[in-house]
Amino acid sequence: MLDQLDKKIIAAMQDDFPLVPEPYQQIAAGLGISQDELLRRLASYVESGKIRKMGAVLRHREVGYAANALCAWIVPEEEIGRIGKLFAAEAAVTHCYSRIAPPDWPYNFYTMVHAHDREECNKIAARLSTLSGLQQYIMLYSTREWKKNSMQYFREGEETI
């Protein structure tokens, strides 16, 4: 169970990381705790599995990854586990999930692929098809980005899950 300080720490760690010589010291000071307390709690969150990682968010279009395709696959239900592990292990796949297909849409498995251009995306999908043995898929390319951000947790005054 998380206490109020845990929630404040998690909320603070979602902000931009301070570009200063001692960023954890600055974050801890903002929370009114010591750097040691902050680092101890962060280590405990990782150890317990409450947080998985901390990392940078790259704006992929700004660094040249201009093609983004949601690849929708038809995967037999008995193959979902095998395909999920196979595709999730691929570096080119950033999102990988299965869903229940509605009656008028046969695709039940989705992978998000980012590449420099559509030709590269197509090659990645073709390689995934060959690796998996799946033949039925379509590629839905992004045409415009309307919003992109991570879920925010434990923000005061904001709705959170």
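These notebook entries record what I looked up in the structure.

**Entry 1. The model and its conventions**

I worked with a predicted model, in which local features need pLDDT of at least 70 and side-chain atom pairs count only at pLDDT 80 or more, while totals for chains, interfaces and linings use all residues. Residues are numbered from 1 along each chain as its sequence is written, and side-chain values use heavy atoms, with hydrogens and water left out. I took helices (H or I, at least four residues) and strands (E, at least two) as DSSP runs, numbered from the N terminus.

**Entry 2. The sheet**

I began with the strand order. Four strands form an open sheet in the order β2-β3-β1-β4, and their pairing is antiparallel. Two strands count as paired if DSSP finds at least two bridges between them. β2 (93-98) and β4 (137-141) are the edge strands, each with a single partner strand, so one side of each has no neighbour in the sheet. From one strand to the next, the twist averages 20 degrees. I noted for reference that strands of a sheet pair through backbone hydrogen bonds, either parallel or antiparallel.

**Entry 3. Strand partners**

I then went through the pairs.

- β2 pairs with β3 (residues 109-115) over five bridges, in the antiparallel sense. Valine 93 has valine 113 of β3 as its bridge partner, and histidine 95 stands opposite methionine 112 in β3.
- β1 and β3 run antiparallel and are joined by seven bridges. Here alanine 67 is opposite alanine 115 in β3.
- β1 and β4 pair over five bridges, again in the antiparallel sense. Tryptophan 73 faces tyrosine 137 of β4 as its opposite residue.

**Entry 4. Burial of β1 and β3**

β1 is mostly covered, with six of its seven residues buried. In β3, seven of the seven residues are buried, so the strand is largely enclosed by the rest of the structure. Both faces of β3 are covered: Phe109, Thr111, Val113 and Ala115 are buried on one side, and Tyr110, Met112 and His114 are buried on the other.

Helix α5 (residues 118-132) lies across β1 (67-73), β2, β3 and β4, and runs at about 155 degrees to β4. Angles run from 0 to 180 degrees between N-to-C directions, and axes are lines fitted to C-alpha atoms, for helices over the stretch in contact.

I followed α5 to its helix neighbour. The axes of α4 (residues 80-88) and α5 come within 11 Å and cross at roughly 140 degrees. That makes α4 oblique to α5 (under 35 degrees is roughly parallel, over 145 roughly antiparallel, 65 to 115 roughly perpendicular, and the rest oblique). Arg82, Ile83, Leu86 and Phe87 of α4 meet Leu128, Leu131 and Ser132 of α5, contact meaning heavy atoms within 4.5 Å. The residues of this contact divide into five nonpolar, one polar and one charged (Ala, Val, Leu, Ile, Met, Phe, Trp, Tyr, Cys and Pro count as nonpolar, Asp, Glu, Lys and Arg as charged, and the others, Gly among them, as polar).

**Entry 5. Helices α1 and α2**

Helix α1 (residues 4-13) packs on helix α2 (residues 23-31) at an angle of about 135 degrees, with the axes 10 Å apart. α1 and α2 are therefore oblique to each other, and α1 passes α2 in a right-handed crossing. Lys8, Ile9, Ala12 and Met13 of α1 make the contact with Tyr24, Ile27 and Leu31 of α2. By class, this contact has six nonpolar, no polar and one charged residues.

**Entry 6. Two single residues**

Arginine 127 is found in helix α5 and is partly exposed, at 37% relative accessible area. Apart from its neighbours within four places in sequence, arginine 127 is in contact with Glu90 and Ala92.

Phenylalanine 154 is in the segment after β4. Its phi is near 60 degrees, a positive value in a residue other than glycine. Phenylalanine 154 is partly exposed, with a relative accessible area of 27%.

Terms used
Buried < 20%, exposed > 50% of the residue type's maximum accessible area, 1.4 Å probe, protein only. Left-handed = near helix turned anticlockwise from the far one by under 90°.
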